[in-house]
Amino acid sequence: MLTQRRKDAKFSLEVPIESFVSENIWDAPHGFDKLGFDKLGFDKLSHRAALQFSQGFFALTKLCALASLRQNRNLGVTVTRRQTLSGKAYLIGAGPGRPDLITVRGLNLLRQADVVLYDWLVAPQLVAQARPNAIQVFVGKAHDRHKLEQDTITDLLVEYVRAGHHVARLKGGDPSVFGHVAEEAQALAAAGLEFEIVPGVSSALAAPAYAGIPVTSRGYSTAFAVVTGHEAPGKADSNTEWNALAHIPTLIVLMGLHRVDLVCTTLIAAGRAASTPAAVISRATTREQRVVRATLADLPAALHAANLPTPAILIIGEVVGLGAALEWFVPSLVEEGFEAFEQIEQREL
Ligand SMILES: C[S@@+](CC[C@H](N)C(=O)[O-])C[C@H]1O[C@@H](n2cnc3c(N)ncnc32)[C@H](O)[C@@H]1O
């Protein structure tokens, strides 16, 4: 590697010669972790300040200089230039809760990322897989508990990628299932930036699987639909055809825990049998998973008694009737350290 010593600096720092002509790109330099960022208060910087710091080689050398001066010794830091000059966003599905349900590709990309922007439902154990010096930003987003508005999150993503970073944008479940992937991908495309969508295991399929409910099954169901409960019956400007959905063999409702009464009564009024088996699965795939089963008519009362926490999905159809015999998952046997939702609840907003 070509290196040169900066003559104008008051400290000794070896950098590859190409770095002087590089753009707003830097990678974690070898020895960077020896600099003691905690002493610099770097960990206390806001993510915007961190972004600015990371923009440009001279910001980096300034940090190195400061660290060298503070520690009063030559740290012999070598700054290496990134192999690629452009940033890229990876819109990664983190899976439904249990951390090891992320895909191998998703995990590999997360481990290499410079920046991690993660949502509310992403397991802390996954965030912990990021490189120690990766910038980590919790952007929130849960029912009634938004940390940042979607536009702000999208802007942040675009800014980090434009600055040359590889950004892992971690979303619960699959990014394309009610995950705002379109807004983020459109903004990246409009800015001429590269992105990749890394599919994930959606709770729409994982929750039924972990409750022993197949979403299709010969003789019971040949089709399923996934719908958001935010578009609850009666909502003004709703595009959701609840009358048509009443006749889909297996209906899976996300974000509907607070509107189960309305959904059940609407489906019955639209012609679905009141005796149709139905279930709500809360905190699926984790040690806190709970399942409540009832008929479509009785589900609201059964839920009221059970007082289940979010996140939860509702599933309606004859396939639910198969479930009791197929229940295979024993939440209490989930290994220590996999308590995703217990830890998520402690996340500060
Ligand atoms: C904003 S949507 C995102 C869905 C996500 N992209 C996916 O594919 O699972 C959030 C909803 O997903 C459902 N959900 C996510 N994780 C869940 C889990 N572990 N158990 C039950 N429902 C879950 C809930 O209905 C929750 O309100």
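Colleague: Which residue in E5 is the bridge partner of Leu-117?
Modeller: Start with the terms. Strands (E, at least two residues) and helices (H or I, at least four) are DSSP runs, numbered from the N terminus. Two strands pair if DSSP finds at least two bridges between them. Here the bridge partner of Leu-117 is Val-137 in E5. Strand E4 (residues 115-119) and E5 run parallel, joined by five bridges.

Colleague: What should I keep in mind about the model and its numbering?
Modeller: The model is predicted: local features need pLDDT of at least 70, side-chain atom pairs count only at pLDDT 80 or more, and totals for chains, interfaces and linings use all residues. Numbering starts from 1 along each chain as its sequence is written.

Colleague: Which side chains of E5 point to the buried face?
Modeller: In a regular strand the side chains alternate between the two faces of the sheet. A residue is buried if 20 or more other C-beta atoms, placed from the backbone, lie within 10 Å of its own; it is exposed with 12 or fewer and partly exposed in between. In E5 (residues 135-140), Ile-135, Val-137 and Val-139 point to one face and are buried.

Colleague: Why is E10 described as largely enclosed by the rest of the structure?
Modeller: Count the buried residues. Six of the six residues of E10 (residues 277-282) are buried, so the strand is largely enclosed by the rest of the structure. Pro-277, Ala-279 and Ile-281 point one way, and Ala-278, Val-280 and Ser-282 the other.

Colleague: In which sense does E10 pair with E11 and E12?
Modeller: Antiparallel with E11, over six bridges. Also antiparallel with E12, over five bridges. On the E12 side, Ser-282 stands opposite Ala-312.

Colleague: Why does Val-292 count as buried?
Modeller: Val-292 has 20 C-beta neighbours inside 10 Å, so it counts as buried. The residue lies in E11 (residues 290-295). Now its contacts: two residues are in contact if their C-beta atoms, placed from the backbone, lie within 7 Å. Leaving aside neighbours within four places in sequence, Val-292 touches Ala-279, Val-280, Ala-302, Leu-303, Ala-306 and Leu-308. Its C-alpha is 9.9 Å from that of Ala-211, which is 81 residues away along the chain.

Colleague: With which residues is Ala-279 in contact, beyond its neighbours within four places in sequence?
Modeller: Ala-211, Ile-213, Val-291, Val-292, Arg-293, Ile-315, Val-320 and Gly-323. Across the chain, 75% of the contacts with a separation of 6 or more join residues 24 or more positions apart.

Colleague: Which residues of the largest nonpolar core touch the most other members?
Modeller: In soluble globular proteins, nonpolar side chains tend to be buried together. A nonpolar core is a set of buried Ala, Val, Leu, Ile, Met, Phe, Trp, Tyr and Cys residues joined through C-beta atoms within 7 Å. The largest here has 73 residues, and Val-116, Leu-117, Val-167, Ala-279, Ile-281, Ile-313 and Ile-315 touch the most other members. This core draws at least three residues from each of domain 2 (88-201) and domain 3 (204-331); such bounds come from an automatic or database domain assignment.

Colleague: Where is the cis peptide bond?
Modeller: Most residues other than glycine have a negative phi, and most peptide bonds are trans. The bond from Thr-310 to Pro-311 is cis, with omega near -5 degrees. Pro-311 lies in the loop between H11 (299-306) and E12.

Colleague: What is the phi of His-180, and what is that of Met-255?
Modeller: For His-180, near 60 degrees. For Met-255, about 55 degrees. His-180 sits in the loop between E6 (166-171) and H7 (181-190). Met-255 sits in the loop between E9 (250-254) and H10 (260-269). With 17 C-beta neighbours inside 10 Å, His-180 counts as partly exposed. Met-255 has 20 and counts as buried.

Colleague: How many residues surround the ligand?
Modeller: A residue is near a molecule if its C-beta atom, placed from the backbone, lies within 6 Å of it. Here 24 residues surround the ligand, the closest being Gly-173, Val-177, Ser-202, Ser-203 and Ala-284. H8 gives the largest share of this shell, three residues.
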